[in-house]
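This report goes through a single protein chain, its helices, its sheet and its nonpolar cores. The sequence and coordinates come first.

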Amino acid sequence: MRTVTLVGSVAALFAACTIIPTAPADAEGASANAYSRTRLASAPTHADTAALRHVLDSLADAHHGTVGYSVLDLDDGDHISRRGDETFPTASLIKVGILVTLYDQVAKGNISLDDPVTVLKIDQVPGSGIVQFLHNGTTLSIHDAAWLMITLSDNTATNLILSHVAIRLMWDKMESLGLHHTKVHAEVFKRNTSVAMDSSVKYGLGVTTPNEMTRLFELLAEGKAVNPQADSAMLDILEHNEDQTLLQRYLDGVRAAHKTGADDAIRTECSLFYLRHRVVACVLTKDNKDQRWVLDSEPQITMARMGYAIFQAWGPAPAPPAASK
């Protein structure tokens with residue numbers, strides 16, 4: 001729900017392991033993606049998920065906190081996980097569930113994306129986003145608020161959505177998709193709006209499991225979360241997410257529809273990567289000992305390394321064929 005302050009060195013060394021070579025440091029101007037393309041140009045389509053599991057587990061074991069992950073190859077069906085069915089706080093990652101519920105209500109004709117919402121001072125909350133700074137009485141569309149909720153993780157925009165899409169509607173929608181542990185508890189920074197106070201105190205804004213959030217992204221990729229048109233529109237919004245500090249950090253230029261979340265002891269992200277296969281990867285962390293809001297905190301680095309390992313396993317998407325003359 002907060003924004004990481006980009007201070008300190010952005011250079012970070014990768015763990016020495018079989019599928020994660022030491023990549024050039026960010027400060028030298030070479031991205032991990034560019035570094036890998038020549039090495040993986042002929043990489044096999046089928047990933048070595050056993051090797052990937054070893055790398056991800058090694059990174060999780062070394063981390064000072066609790067790490068769960070779920071990685072699913074949508075094209076082959078290969079799936080690996082760690083603590084896949086364990087509940088984790090989501091922080092702002094739960095906003096994906098809110099987005100799906102919104103588009104479900106739009107599909108049912110209960111809400112229009114063109115409906116206006118007025119920003120009042122009482123609505124404005126701190127943390128991520130820009131709506132908190134807008135003039136009292138500013139009018140946005142529901143679509144505008146949804147876009148800001150995902151791309152900037154805007155907390156005030158999220159609350160504007162929740163004022164039109166009841167929290168319990170989100171619960172019902174997730175239940176209908178078989179996601180029984182995926183819930184939002186209250187409006188952002190407004191615990192007095194909680195519909196489940198005990199869970200709100202325990203988990204914060206929302207709760208999910210690595211496998212359930214992976215399943216939600218799988219449904220989006222398959223056009224089954226709401227319908228193909230709505231799901232395509234939501235994935236487009238998710239592709240414009242501007243937070244590249246976690247799984248995406250070393251993957252400059254890699255196409256991904258993704259959403260992050262962060263709180264003092266929490267870092268989370270779920271991503272649909274368009275690699276040689278479509279791969280959904282969700283990494284959730286909690287109880288992180290390093291709670292600094294800096295780019296090179298341990299949770300940030302752990303997740304960046306995990307994102308790079310996943311990229312290495314499947315390799316970059318093949319280049320489109322050259323146009324015939």
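## Helix H8

In this predicted model, 10 of the 13 residues of H8 are buried, so the helix is largely enclosed by the rest of the structure. The buried residues are Pro210, Asn211, Glu212, Met213, Thr214, Leu216, Phe217, Glu218, Leu219 and Leu220.

H8 covers residues 210-222 and reaches 18 Å from its first C-alpha to its last, close to the 18 Å expected at 1.5 Å a residue. Glycine 223 follows H8 and has a positive phi, near 75°.

## Chain overview

The protein chain has 10 helices and 10 strands. Of its 325 residues, 57% are buried. Among contacts between residues at least 6 apart in sequence, 67% join residues at least 24 apart.

## The sheet

Which strands form the open sheet, and in what order? There are five, arranged as E2-E1-E10-E9-E8, and the pairing is antiparallel. Strand E2 (79-82) and strand E8 (256-263) are the edge strands, each pairing on one side only. From one strand to the next, the twist averages 5°.

Strand E1, residues 66-73, pairs with E10 over eight bridges in the antiparallel sense. Within this pairing, valine 67 stands opposite threonine 285 of E10. E1 also pairs with E2, again in the antiparallel sense, over four bridges; there the bridge partner of valine 71 is isoleucine 80 in E2. E1 and E2 form a hairpin with five residues between them, and glycine 77 in the turn has a positive phi of about 90°.

In soluble globular proteins, nonpolar side chains tend to be buried together. The largest nonpolar core here has 56 residues, and Val100 and Ile161 have the most contacts inside it. The elements that give two or more residues to this core are the helices H3 (95-107), H4 (142-151), H5 (155-162), H6 (167-176), H8 and H9 (228-239), together with the strands E9 (266-274) and E10 (278-286). Another core, of 31 residues, lies apart from it and includes Ala47, Val283, Met303 and Tyr308.

What does valine 100 contact beyond its neighbours within four places in sequence? Its partners are Lys173, Met174, Leu177, Leu216, Leu220, Ala225, Val226 and Met234.

## Helices H3 and H6

Two packed helices are described by the angle between their axes and the distance between the axes. For H3 and H6, the axes come within 9 Å and cross at roughly 90°. The two helices are therefore roughly perpendicular to each other. On the H3 side the contact is made by Gly97, Ile98, Val100, Thr101, Asp104 and Gln105, and on the H6 side by Leu169, Met170, Lys173 and Met174.

## Isoleucine 167

Isoleucine 167 is in helix H6. Is its side buried or exposed? Isoleucine 167 has a relative accessible area of 9% and is therefore buried, the cut-off for buried being under 20%.

Leaving aside neighbours within four places in sequence, isoleucine 167 is in contact with Leu162, Val184, His185, Ala186, Glu187, Thr193 and Val195. Lysine 183 is 16 residues from isoleucine 167 in sequence, with a C-alpha to C-alpha separation of 8.4 Å.

Note on methods:
Residues numbered from 1 in each chain as written. Predicted model: local features only at pLDDT ≥ 70, side-chain atom pairs only at ≥ 80, totals over all residues. Heavy atoms only, no water. Expected span 1.5 Å × (residues − 1). Buried < 20%, exposed > 50% of the residue type's maximum accessible area, 1.4 Å probe, protein only. Core = buried A, V, L, I, M, F, W, Y, C linked by side-chain atoms within 4.5 Å. Contact = heavy atoms within 4.5 Å. Pairing = 2+ DSSP bridges. Axes fitted to C-alpha atoms, helices over the stretch in contact; angles between N-to-C directions. Parallel < 35°, antiparallel > 145°, perpendicular 65-115°, else oblique.
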